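Please read the points alongside the sequence and the model.

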Amino acid sequence: MPSKYRNKITLLLPFVLAICCVSFLTGCAYLPTKPSSSYTKQLYRRISYETEGRYRIMNIFYATTRNLKERKDESIYFNRELARHVTYGDVAVKINPAIKIGKMIPRRLKRQGVIGIQDVQKTDEDAFMQELKDVVANSPHNSLLVIVFGYNDDFESTAIKAAYFSYLLDVNTPVLLFDWPGDQFPLITGYKKAQKLAISSGPYLGDLLAKIIREVKPANLWLKASSLGCQVVCDAFDEMYKHSDLSDAEPEITHVVFAAPDVGEDEFDNQFKDEIAVFSDKLTAYVSSDDTALLISGVINKEKRLGRQAVKEHDELEESKDILYLKSLDPDRIALVDVTPINHASYKHGYYLESPEFYNDFYMRIKSGDSRANRCLYLMKIDDGVDYWVLRSN
């Protein structure tokens, strides 16, 4: 073969091989695949929901301190003002599991009908408590999960988040969203107003929890709050502490979970920690050393926030006294989980909605008596015997 032809073939050979590889990979893309294990078939099957094509319709209970308005078409609307009483009911929420929660909130997706509230029903308090009692009694764990979200969310957004949280957590339990008017204007004045409304909404939540404990009587009562919603819970416990039948030695709540708590350290230490210890058998607080939102909150309030614990250099072999602050208050009941390594959320704050590791840990803590069962955690010990957890990605 002449050398000029050999040279051409040599030059064309890489292109021919590339075309063959692409063709092979394209063919592989159409090969039938099998699930990695039967376990994947059980994902998101423990909860109850309706299916509408690729969408899920989640039904949750709600109790809100927002002011109720009715439109001309008799539909229900809740504004950002505080009402004089709580409104009860249930809401059907449409979600798309393929869309991450960080992308679910934009109004464009609501307008397109991809996510959003499909129906809102209002009921009186007695009927609501009876329905809640019946549902809890018939649930597999005789349980109720109460969720409280934080600042800058309207009623529809909190309902979407609660539905999404319930779906990803995948625990077959009734869910009650306690909603409050946190959707104040995104300015310092708006944030300060939201704080006042959180404090004002606390007694309403306290009365609701008292009714649930006395009338519904769930065997497992789980309470999860995030961000400024933790302030609502703290003031709720302050209200419950006034009732002698609730402030006895027997804890009424199985587990309280705080995620990125926007509560002052000193305020928690001086006012709330004893009350939480009375009402809750366990408290788990998720904190992060790089939470930008809580850094800003600390500047505004001129007080360090509970959810932002400073670490000098984040490494599993580096301990900091600050991060052990909460744990040291009551080592037997309080667990501290550092989420800094898996905190990739916007403003390093919304990991409690976006991180699979958080959902995994949350699930294990409320369903397993032994928190060491979660392999994503590493237990760290220091000289004085106080320990804390560091949440790591797989």
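**Notes on the model**

1. Pro356 is found in helix α11, residues 356–367. Helices (H or I, at least four residues) and strands (E, at least two) are DSSP runs, numbered from the N terminus. Pro356 is exposed, at a relative accessible area of 58%; exposed means over 50%, buried under 20% and partly exposed in between, with a 1.4 Å probe and protein chains only. Its C-alpha atom is separated by 9.2 Å from that of Ile342, 14 residues apart along the chain.

2. On the basis of the model: this is a predicted structure, in which local features need pLDDT of at least 70, side-chain atom pairs count only at pLDDT 80 or more, and totals for chains, interfaces and linings use all residues. Residues are numbered from 1 along each chain as its sequence is written, and side-chain values use heavy atoms, with hydrogens and water left out.

3. Gln231 belongs to helix α6, residues 229–240, and is buried at 4% relative accessibility. Leaving aside residues up to four places away in sequence, Gln231 touches Ala198, Ile199, Asp262, Val263, Glu267 and Phe272; contact means heavy atoms within 4.5 Å.

4. Strands β2 (residues 55–70) and β3 (residues 76–95) run antiparallel and are joined by 13 bridges; two strands pair if DSSP finds at least two bridges between them. Phe61 has Asp90 in β3 as its bridge partner.

5. Strand β3 also pairs with β4 (residues 116–123), in the antiparallel sense, over seven bridges. Here Gly89 stands opposite Lys122 in β4.
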